[in-house]
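Me: I am new to this structure and would like to know what stands behind the words used for it. Please set each value against its definition.

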Amino acid sequence: MTTLPTSTDKKLGLVIDLDTCVGCHACVVSCKGWNTENYGAPLSDQNAYSGAASGTFLNRVHSYEVQPADKPAQLIHFPKSCLHCEDAPCVTVCPTGASYKRTEDGIVLVNEKDCIGCGLCAWACPYGARELDAEEKVMKKCTLCVDRIYNNNLPEEDRQPACVRTCPAGARHFGDLGDPDSAVSQLVAERGGMDLMPEQGTKPVNKYLPPRPKDAAPEFDVLAPYLEPVATDGKGFVGWLDKALSALPGGAK
Amino acid sequence: MNKQPVLDTSPHVSDEVRKTTCYMCACRCGINVHMKDGKVAYIEGNKDHPVNQGVLCAKGSAGIMQHNAPSRLRAPLKRVGPRGSGEFEEISWDEALTIATDWLAPLRAEAPEKLAFFTGRDQSQSFTSLWAQGFGTPNYAAHGGFCSVNMAAAGIYTMGGAFWEFGQPDWDNTKLFMLFGVAEDHDSNPIKIGIGKIKKRGARMIGVNPIRTGYNAVADDWVGITPGTDGLFILALVHCLMKAGRVDLDYLARFTNASVLVNEDPKSDQFGLLLNDKDGNPQVIDRRTGKLAPWNGKGVEPDLSGTYRHKGVTHRPVFHHMADRYLADEYAPEAVAERCGIPAERIRAIAADLARVAFDEAIELDREWTDFRGVKHTKMVGRPVSMHAMRGISAHSNGFQTCRALHMLQIILGTVEVPGGMRFKPPYPKPATAHPKPHYNVQPGQALDGPHLGYPHGPNDLCLRDDGTPARIDKAYSWDNPMSAHGLMHMVISNAYAGDPYKVDTLFMYMANMSWNSSMNTSGVMNMLTDTDENGDYVIPHIIYSDAYSSEMVAYADLIFPDTTYLERHDCISLLDRPICEADAVADAIRWPVVEPDRDVRGFQSVLCELGGRLGLPGFVNEDGSQKYADYADYITNHIRRPGIGPLAGFRMGENGLQDGRGDANAGQLDSYIANGGFWMEHVPDNAAYYKPFSEEYQTWAVKMGFYDSPQPYIFQLYVEPMRRFQLAAEGHGTRQPPDHLREQIKRVMDPLPIWYAALEDGHVDPVEYPIHALTQRPMAMYHSWGTQNAWLRQIHGANPLYVPTKVWEANGFEDGDWARVTSTHGSITVPVAHQASLNENTVWTWNAIGKRKGAWALAEDASEANKGFLLNHLIHELLPPKGDGLRWSNSDPITGQAAWFDLRVKIEKSAPPDASQPAFPAIKSPVPKGPTNQAWKVGK
C-alpha cells in the first residue's frame, strides 16, 4: 500500500465551468495529442479504423439531460478527468507505490516504471478517471500536464495544461486551489464551485462551477413599459411616427 | 512517506514550430505545428492568430490523425472496373493530365459548356473560378448552394454581408445575444470564444433551435421552435416592436432605405420601384426642406414619414409599407404561436427583452466619426443586442426570406454596425451593387465574358439562353431561382443526368462527396452516375474528381487527381475569396508545406495550373503559350487581379519597400507570411471600427487597403428593389418574362419586404401522414465526412442514433437499443434510436455525415459508421414530389436555389433490429490499403 503526503505545498487543479462548457471535446483531443506524444507511454487506440474504436483518453466529456419539473429539459456537458484528490483512494490502494501524490503541488501521477497494470487504482477511483492502456498495460491518467506547467522549453504563457490552453469557450481554468487568493480560488468562491461527489470523502482538488439557472421568467412586466402599443395599424403608426420624429433631437420640421 | 520519482518537468517539446492554417473544417484557424525529426508531433492553436487566438477545437487538435490517415490517396488513378466499383489502377501524373487534356480540349474548342466544374468545400474559389472562366464554361460554382447561400445572399442584398466571414456579434460589448438554429458548423472557434466572453461578463444568451445541444445547451433561455417557422417568429417580434414604437427611428431614417420613396401607381411599370432622380439616385424627403433630395445628399435629413405626390402618383417611404405589413394581425404573437410552437406570451417577453436591452441599456463609445452626408458625430451609440444564425434558418425553402427577416429585425433595433451589435469584417460590408453580376456568355475557344457568380438586380441579369432556357447546368440565375448567388451544386448531377437543360460531357469536381453525404437522394445519385444510355455509354460520359482521401465519391469517377493533405500544400485564404478577417482587423493567411508529401500527390490548385497551361487557358499561359504559373505558390505570389491587387494583401512591394493592401508582386511574399506566423493582419482604425457602410473614415481606409477603388457608402436595403423587379416581370411588365408556370411563385416569394411562407415541402407532403420534422446537426468534433477516417475523432462520433423527443418516444413505446423505420415521401431508412427530452416535441434529428459506405475511407467493413451509422440524405430528394405537371420542381429555395435540407417531414415506427442500418450498399473496393487495427502514435523517441 502507498501512503499519501500529509499535506502538499500547493493544490494544483482545474476549475471547470459547467455554465460555459459547450461540449465541443476540444479538451479531450488536445489532451490526447499532448499525452500521446509526451509523458509516459502513448495513449493507444484499439480498432483504430474498424469496429467500434476504443482508445485511451485521460479526459472525456459526458452529456447528461436534466429534466426540471416545471421547465424544459436541459443538457449539461460534463468534462471529467482525474480530480487530484487530497485523499486519493487510487494512491493508497496501489500495491507497488507506482501511484503517488506529489508533495510540491498535489498532482496525482503514475510512475509507469513501477506500474504492474493490476487495475486496483481504477477500481478504487469513484470517478472512473483512470484508464488502463490496452497496448502498454500501464495505468494512464491526467497528469495535469506536469510536463507543460513547469516546462522551460515552452513560452511562459503556454505553461498550463493542454486542455486549458485549447478550451475555445474558456470554460477550463488552472491554478492553485490551496491559495485562497489565487484566481481559481476566487472564481470558486464567486460562483459557488463544488466538489464532485463529496460524500466519497476523497476531497477532490478540481472544482466544478454549476450552471446558472436557465429559462427563468422575465423579471419585468412584459407589456409595460417595453411593449406598450403606440398604434394598432399602419395609419395609426404614421400618426405616431410624425410625433416621434419631431421629438428626436433636431427633429422638428 | 514514499520517495517520489525524479521527473524531468522540462522535456524537449519539439525541434521546430511551423505555423500554418488549419483545414480540419472551414473555420481556418491558425495552428502551431510542432515538428520532431521532420514529422508532425503535436498541433495547437496559434495565439497571435485573429480567428482562434490560440484556442483550437477537437478537429484541429486531431489534425495529426487526418494528415497521417490510411485513407490518403497515393497516386493518380484511372478507373479500370465499372463506375462505382472502386477498381482503379495507379497511373503517372503525365498520363492523368494527358487523359484530362484529351477530354477537355475538344470541349473547349467546340462547346465549353459541356464541362461542368464544381468545387465543393473549396477554399480557393477566386482561383478555381478564374480557371473556369478561362475555360469558358458557364458551369462553375462551389458548394454554397447546398450550404448557406440564403444567409449569405440575404445579408449581401439587405445590408452588405451576414455572419461568419462577413460579420460577427460585438462579443466585447453585447449584452443580449440571440442565436438561431444550428451554428456549431461555421465560425466554430470564434463563436465559442464569443460565448465564453458573454458568459464571463454575465451577459445573456437566447437560443432558438428545435434541438437543445451544443451552444443551445448553455443558452440562458431556450426556444424550442418548430423547424421552418423562424421567419414567422421573427416577424412576430418585428410586429411587437413596431407596434410599441420600439424601433430606432433615427438610425432607420439615416442609414436604411426605410426613408426612400416607393412608387404606388399600380398601372405604372415603375409600380413598387424606388423613386429615382435623373442620376438614378433613390429619393427621400429632406426633413429640413420638406422637398425631394437624393438619399446621399450633403446634410440631407431623410424623413421616414413624409410622402410625395407627383403627376397624380403617390410615393410613400418604405417605412409606411413596413408599418402596413408588420402591424397586421397576421403577425401578432397569438396568430403565430401555434405554428411556431412558442406561446404568445413568450414571444412578447422576448420582444420586450430586445427592446429593453437595445434602448434602455444603450451604450456609448467616445469616438468621433463622420457619416457620408458629411455629418459629424461625437459618439458611437450602441444598442447591445446581437444575433447570429447560419445554416439552421438558411436550409429551408423559405430560408432567404427568413434570413432577410432576421436582418430586418437587427436593423429596426439599430443594432447593425454599432457597439454591442453585429459588426462587419473587412473587406465587408459590400452591398449587392458592389459585387459583380453573373456572367454566362459562352464562345467556343474563348474565356467566359466575366465572373460566373454575382448578384442580379433584375430579370435582365438572369443567365438565360436566347430561347429563354437556363444557360447553366444547375439552372442558377433562371426563373426557377433568380438570385442563386452561389449556384446549385446539388442539382448538377440530377440535371446533367436528365439532360435538363442540356447534357454535359465532363463532370469535374473537387472535394465534394456527391455520391454520399453531399447529395440529396444518395442512392438515386449513385444510379445517375453509373447509368448508361442506349449505346451502353455512361449518361454522364466523363467524371474527373480530386480528393486527398478515399471518399465515397472516388469510386464514381473515371480519373482521380490525388490532392495533398492540408499540411503538405500551399493555399491562400484571400481577401478576393472567403476571408478570415475580424471586425477590428483585415487579415489573410496562407498554408504552406510544413511537410512534403510522401506519396505521388499534388495540390489540386497546382494541378489546375498545369492543366490550364496544357489547355492554353487565358490567364494560365504566357504570350508564347507556355504555362504561366509553375504551381499554386507561383500563382499566389505573382497573380495580379487588378492593378496593385493580388491574392494576398500583406507584404506587397511598393516604391519604398514592403507595404500592405496595394502593391506589386513580391517574390518573397510567402516567406514573409511564414515568418509572420502564416498570416497578415492590419487593424481597423478606432474611428472606423463601427458604422462601416456609412463612415467616411472607414470608406477612406477601405480604399487605401484596396477593398475597392473609390468610397462606396450605402444604406441598408430593408426594401430590396431587385426582388420587386422580378415581381414586376411576373406581373407582366417588361420584355423578359417568366414562364407561366413560375409566374405565381415569383409574385408570391420575391416580395421586396421580408415575408414568411410555409416550407414548400409542406405544400407537397401530407403533414398528417408525415407529422414529424427531421433535421441534422453538425457535431462540433467532426466536419462533414472527413472526420471518420480520423482515429481519434471517430471515437467521439463513431455512430449516430436518431434522437427522438419524449412524446414520439413514448407513443412508439421505444426503449434503449431499439431501431426505427423512418419514412418520408421519398424513401425509408431503418436506424437506431435514442431518447432526448431537450427537443422540440415534433422533431427528430441526427448528426450529419457520420454514416459511411462500406469500403470507403480505408475503414474495415465492420466499422461502426458503416453498420450503425446512417444518412438522412436517403429521405430527401433533390426534387419535390411530382405535381402532375410534368415539370421537375427543385427541392430548393425558389429565390436562391438553396438546398432545402431542413424542410424534411417523416413518419416513424418501431422496427426489428436489422443487421445494419438500412439502406445498406455493397462494399466498394478500396483504392488504398485498410488502416492498422491498433495504433500507439508517437513520433518522438
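Me: Where is B:Tyr477 found, and what makes its phi worth a mention?
Reply: B:Tyr477 is found in the loop between β22 (422-424) and α15 of chain B. Its phi is positive, about 55 degrees, although B:Tyr477 is not a glycine. Helices (H or I, at least four residues) and strands (E, at least two) are DSSP runs numbered from the N terminus. The model is predicted: local features need pLDDT of at least 70, side-chain atom pairs count only at pLDDT 80 or more, and totals for chains, interfaces and linings use all residues. Residues are numbered from 1 along each chain as its sequence is written, and chains are lettered from A and ligands numbered from 1 in the order in which they are written.

Me: What confidence does the predictor give to chain B and to the complex?
Reply: Chain B averages a pLDDT of 96 (the predictor's confidence in each residue, from 0 to 100), and 100% of the residues score at least 70. For the complex, the ipTM is 0.96 and the pTM is 0.97.

Me: Why is α15(B) called oblique to α16(B)?
Reply: Helix α15 (residues 489-498) of chain B and helix α16 (residues 522-530) of chain B pack at an angle of about 45 degrees, with their axes 10 Å apart. That angle makes α15(B) oblique to α16(B). Angles under 35 degrees count as roughly parallel, over 145 as roughly antiparallel, 65 to 115 as roughly perpendicular and the rest as oblique. Axes are lines fitted to C-alpha atoms, for helices over the stretch in contact, and angles run from 0 to 180 degrees between N-to-C directions.

Me: Which residues make the contact of α15(B) and α16(B)?
Reply: On α15(B) they are B:Ile493, B:Ser494 and B:Tyr497; on α16(B) they are B:Val525, B:Met528 and B:Leu529. Contact here means that C-beta atoms, placed from the backbone, lie within 7 Å. By class, five of these residues are nonpolar, one is polar and none is charged. Ala, Val, Leu, Ile, Met, Phe, Trp, Tyr, Cys and Pro count as nonpolar, Asp, Glu, Lys and Arg as charged, and the others, Gly among them, as polar.

Me: What is the peptide bond between B:Asp500 and B:Pro501?
Reply: A cis peptide bond, with omega about 15 degrees. B:Pro501 is in the loop between α15 and β23 (506-510) of chain B. Another cis peptide bond joins B:Gln918 and B:Pro919, with omega about 0 degrees, and B:Pro919 lies in the segment after β36 (905-911) of chain B.

Me: What makes α5(B) oblique to α14(B)?
Reply: Helix α5 (residues 149-159) of chain B and helix α14 (residues 399-412) of chain B pack at about 45 degrees, with axes 8 Å apart. That makes α5(B) oblique to α14(B). Residues in α5(B), including B:Ala153 and B:Ala154, meet residues in α14(B), including B:Phe400 and B:Cys403. The contact has seven nonpolar, five polar and one charged residues.

Me: How many residues of chain B are in contact with chain A?
Reply: 93 residues of chain B are in contact with 83 residues of chain A. Helix α12 (residues 344-360) of chain B gives the most to the side of chain B that touches chain A, with eight residues. That side divides into 46 nonpolar, 27 polar and 20 charged residues.

Me: Which domains does chain A have?
Reply: Domain 1 (12-209) and domain 2 (217-253), with bounds from an automatic or database domain assignment. Their centres, taken over C-alpha atoms, are separated by 55 Å.

How values were computed. Contact = placed C-beta atoms within 7 Å.
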